[in-house]
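Hi everyone, thanks for making time this morning.

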Amino acid sequence: MINSGIKVSEIKHARLFLTAGFLLICLGLLFPVYTEQVWFNIIIKIRDAINTGDSGHLILGSAKANFLNAIQSTFIFMGIMLVIFHSKLRYCLTAFDKFLVSSIAVIVLHWMDSLIFEISWEPVSTIMALFIILMLFEKLFGETNSFIQVFIVSIQFFFAFNWLNIMPFFSIYLFGQSDIPYSIKITGIYLNAAAVLNFSGFAFFLPFIISAFITATLFIISSKNIRIMRENYEKESEIRNMRAKALENRVYKEVKSLVHDLKTPLVTIRGLNSLILSKSSNVKLKEYSERIESSVTKMSEMISSFLYEDSRQRLKTEELISYIRAQLPLEDEEIRFTISVDDELSDVYINKILIARAVINILENAIFVPCKHPYKIINMDVKQAEEGINISIQDNGIGIKESELDRVWEIGYSTNDTSGLGLPFAKSIFEDNGGRIEIHSQVDIGTTVAIFLPSFKFYERSAYKPMNI
């Protein structure tokens with residue numbers, strides 16, 4: 001289901017960009033129609049230059065004409081690239097084929113546009129700008145993966161090369177053969193301002209070419225730096241996780257060794273207690289000895305459960321809940337704690353001590369989490385499920401942000417300045433015992449933790465046959 005959802009999202013994404021590509025192509029082809037009034041104003045500028053003898057009108061008219069041509073060429077080029085990169089052509093064409101197809105498509109569309117709307121265009125300057133843009137495109141788009149950045153660089157190149165069309169010096173190389181650039185050059189020669197046009201054209205061409213290359217370089221460098229920073233962050237996260245796991249393993253081994261060492265004094269206590277019990281006839285002393293024996297037995301069970309994590313036992317759910325309830329620190333009068341337990345609950349097959357410790361960790365989180373209400377309300381509901389029992393722990397604390405919910409399972413991560421080990425430990429214990437845990441939370445409303453523990457009958461029906469200990 002997840003993979004199919006991703007594929008549908010990718011298809012919608014591709015269709016969106018494909019539609020945007022066709023819209024840009026249409027906008028580029030119809031651009032002269034929408035800007036007809038601006039082109040008419042350019043012709044007026046040329047006439048004003050002739051009437052006043054001021055070549056400055058020619059420079060302003062040239063700037064407008066070059067900008068309009070650059071926008072049209074950029075729209076058509078970007079539309080074609082969007083179509084190529086978000087259609088099946090992307091997988092059918094090699095890098096050279098994409099270069100060739102996009103070049104031919106831009107030239108053909110410009111040519112068709114000039115025939116349909118009877119407008120002239122500049123093939124030489126357009127092809128030269130297109131050639132340089134395509135040479136940079138693979139590097140720029142491959143590094144940045146951003147059509148917006150390609151658009152910014154492309155319009156600078158098209159604008160720069162359009163300035164060569166108004167320079168009389170380049171007329172012999174077939175630049176500026178269309179009506180507007182040709183009229184500007186003829187008027188400049190008539191006003192003895194050919195040198196002014198050559199200087200102005202070069203003064204705009206060179207800075208914009210340099211600016212385009214610098215912009216492309218900065219985009220590429222910035223993208224590389226962002227990628228390197230992202231990779232470094234991911235590596236640092238991996239190192240932190242490895243260190244946390246190593247520390248966890250080290251602490252766990254040390255605690256396990258310490259717990260194992262506790263068995264020796266317990267054996268001594270049990271032996272001496274048995275000796276006292278057998279030798280003494282004092283009723284009160286025998287009562288005390290029996291209490292000691294009961295405590296030693298419980299302690300021994302706890303140590304065994306901790307040392308042998310895979311050990312499990314058949315246990316009544318009510319007994320588990322009673323054991324958990326007895327361990328809770330609930331001295332705070334501002335806490336309202338309620339437990340609701342169904343009447344008939346199936347037995348569970350779990351490691352009693354570790355499961356109890358995991359549930360207590362969840363309850364302690366609910367106890368210590370900040371609360372904006374006068375009273376902290378904690379509800380623990382235990383209900384029968386189809387193949388086990390459901391335990392729900394709900395509080396009215398400050399809640400957890402949705403963006404942080406996935407991170408609460410990370411070792412060392414905490415929203416309340418704690419060690420960040422409780423929830424990962426609890427999740428590991430529940431899963432090791434065949435259960436699962438989920439967290440649902442809303443900011444300023446509270447958090448609900450849902451726990452599932454499989455029943456003993458579920459294990460009986462499975463291929464794995466449990467052994468009581």
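Let me start with phenylalanine 161, which counts as buried because its relative accessibility is 4%; buried means under 20% relative accessible area, exposed means over 50%, and partly exposed lies in between, with a 1.4 Å probe and protein chains only. Before I go on, please keep in mind that this is a predicted model, where local features need pLDDT of at least 70, side-chain atom pairs count only at pLDDT 80 or more, and totals for chains, interfaces and linings use all residues. Residues are numbered from 1 along each chain as its sequence is written, and side-chain values use heavy atoms, with hydrogens and water left out.

Back to phenylalanine 161: this residue lies in helix α7. Helices (H or I, at least four residues) and strands (E, at least two) are DSSP runs, numbered from the N terminus. Between the C-alpha atoms of phenylalanine 161 and phenylalanine 202 there are 9.7 Å, with 41 residues separating the two along the chain.

Which helix comes within 8 Å of α7, axis to axis? That is α3 (residues 56-85), whose axis crosses that of α7 (residues 147-162) at roughly 140 degrees. The axes are lines fitted to C-alpha atoms, for helices over the stretch in contact, and angles run from 0 to 180 degrees between N-to-C directions. The two helices are therefore oblique to each other, as under 35 degrees counts as roughly parallel, over 145 as roughly antiparallel, 65 to 115 as roughly perpendicular and the rest as oblique. In the contact of α3 with α7, the residues divide into 16 nonpolar, six polar and no charged. Here Ala, Val, Leu, Ile, Met, Phe, Trp, Tyr, Cys and Pro count as nonpolar, Asp, Glu, Lys and Arg as charged, and the others, Gly among them, as polar.

Now for the rings. Those of Phe, Tyr and Trp (its six-membered ring) pair if their centres lie within 6.5 Å; planes under 30 degrees apart are stacked, over 60 edge-to-face, and the rest tilted. By this rule the count comes to 15 aromatic pairs. One of them is the edge-to-face pair of phenylalanine 159 and tryptophan 163, at 6.0 Å centre to centre and 90 degrees between the planes. Phenylalanine 159 counts as buried at 10% relative accessibility, and so does tryptophan 163 at 0%. Another edge-to-face pair joins tyrosine 349 and phenylalanine 456, with centres 5.8 Å apart and planes at 65 degrees. This pair links distant parts of the chain, 107 residues apart: tyrosine 349 sits in strand β3 (residues 348-350) and phenylalanine 456 in helix α14 (residues 456-461). Both tyrosine 349 and phenylalanine 456 are buried. There is also one aromatic cluster, formed by Phe67, Phe159, Trp163, Phe204 and Phe208.

Charges meet rings too. The charged end of lysine 352 sits over the ring of tyrosine 323, 4.6 Å from its centre; the rule asks for NZ of Lys or CZ of Arg within 6 Å of the ring centre and within 35 degrees of the ring normal. Arginine 436 lies over the face of phenylalanine 452, at 4.4 Å from the ring centre.

Last, the backbone. Most residues other than glycine have a negative phi. Leucine 174, though not a glycine, has a positive phi of about 70 degrees, and at 54% relative accessibility leucine 174 counts as exposed. Aspartate 444 also has a positive phi of about 70 degrees. Aspartate 444 is in the loop between β6 (436-442) and β7 (446-454), partly exposed with a relative accessible area of 40%.
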